[in-house]
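User: Please take me through the charged contacts and the nonpolar surface of this model, giving the cut-offs as you go.

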Amino acid sequence: MNEDLRQKAIVLEMYNQQLQMLQSELASIRTLRSEIEKSIKTLENINVDSETLIPVGPGVFLKAKVIDDKALIGVKSDIYVEKSFNEVVEDLKKSIEDLNKAEKESMKKVEELVKIISALKKDLQESIQKTQEKNIEDNKT
């Protein structure tokens, strides 16, 4: 394989890695959005002075009685603020909007990368074919 083909293959691999990273980022965004949506549904369905189940881990719940419509919401690392359920729901909905924007931006980047990768693959295949044809002709003479 000549140097030009090697360089094209390296560039193609770099773009493929970028694509994988973006796809992983998209999966994380979607997972986080799903968790936030579950939190919203939970908050919207909790009744004050009623007993409920609070998840504390995978498949583990505690019985608890909700004494008021307040929740703690993280605003920074290790900093929490007490807000009403309605305020928390509004904050979470804003987070979903931000995640939707991030997802759209990532999707655009994915589409651009897919186009670039497709063009590079085509170029690399054409270069390989030309190199093979040239080698065949050189071997004939």
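Analyst: A salt bridge is here a side-chain nitrogen of Lys or Arg within 4 Å of a carboxyl oxygen of Asp or Glu. This is a predicted model, in which local features need pLDDT of at least 70 and side-chain atom pairs count only at pLDDT 80 or more, while totals for chains, interfaces and linings use all residues. Residues are numbered from 1 along each chain as its sequence is written, and side-chain values use heavy atoms, with hydrogens and water left out.

User: How far apart are the closest N and O atoms in the salt bridge of Asp 91 with Lys 83?

Analyst: Residues count as buried under 20% relative accessible area, as exposed over 50% and as partly exposed in between, with a 1.4 Å probe and protein chains only. Asp 91 is partly exposed at 21%, and Lys 83, at 22%, is also partly exposed. The closest N and O atoms of this salt bridge are separated by 2.5 Å.

User: Is Glu 103 buried or exposed?

Analyst: Glu 103 meets Arg 33 in a salt bridge of 2.7 Å, N to O, a pair that connects helix α2 with helix α1 across 70 residues. Arg 33 has a relative accessibility of 14% and counts as buried. For Glu 103 the relative accessible area is 13%, so this residue is buried.

User: Which elements give two or more residues to the nonpolar patch?

Analyst: Patches are made of residues with over 30% relative accessible area and no salt bridge, like charges being joined within 9 Å and nonpolar side chains (Val, Leu, Ile, Met, Phe, Trp, Tyr) within 5 Å. Ile 54, Val 56, Val 60 and Leu 62 form such a nonpolar patch on the surface, together having about 320 Å² of accessible area by the Shrake-Rupley method with a 1.4 Å probe, where for residues only the protein chains shown count as cover. The elements asked for are β1 (51-57) and β2 (60-65).

Terms used:
Helices (H or I, at least four residues) and strands (E, at least two) are DSSP runs, numbered from the N terminus.
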